[in-house]
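Try each task before you read its solution.

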Amino acid sequence: MGYREGSMEEDGKGEGKELEKGLRAIRRRRRFLWGLLLVYIPAIWISLEVTGSDRKTSYVFAAWFVLIFAASLAASLARCPRCGQLFHVSGVLPLFFRSCRHCRLHLGETRQP
């Protein structure tokens, strides 16, 4: 009992750093996913303008689709640094809210002002 009480402050700092590191990784995955979603229309439009071919544009779409699938899978399989459950999944479908579906840890909770 005395051991835990003496090291509470030290454990709190280490836990805070681990939370921040885990949340930073989740934020990075989410930014990549949302960036890919925003790139879709300009990429298709540029492909159509440059190639003038629907067939070649379909290759751009296929590449984008594979990337968006991988990014959404990576984002939905991210684990919460606090509870260890899947951050965005509670049930069958991923819900990309800004808090953990299990322990309600918010993505911006450990950011310093």
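**Exercise 1.** Find the helix that holds Phe69, and decide whether Phe69 is buried or exposed.

*Solution.* Phe69 sits in helix H3, residues 54-76; helices are DSSP runs of H or I with at least four residues, numbered from the N terminus. Next, take the cut-offs: buried is under 20% relative accessible area, exposed over 50%, and partly exposed in between (1.4 Å probe, protein chains only). Phe69 has 53% relative accessibility, so Phe69 counts as exposed.

Keep in mind that this is a predicted model, where local features need pLDDT of at least 70, side-chain atom pairs count only at pLDDT 80 or more, and totals for chains, interfaces and linings use all residues. Residues are numbered from 1 along each chain as its sequence is written, and side-chain values use heavy atoms, leaving out hydrogens and water.

**Exercise 2.** Describe how the rings of Phe61 and Trp64 are arranged.

*Solution.* Rings of Phe, Tyr and Trp (its six-membered ring) pair if their centres lie within 6.5 Å; planes under 30 degrees apart are stacked, over 60 edge-to-face, and the rest tilted. The whole structure has four aromatic pairs. In the pair of Phe61 and Trp64, the centres are 6.0 Å apart and the planes at 35°, so the pair is tilted. Phe61 is partly exposed at 36%, whereas Trp64 is buried at 16%.

How values were computed. Helices (H or I, at least four residues) and strands (E, at least two) are DSSP runs, numbered from the N terminus.
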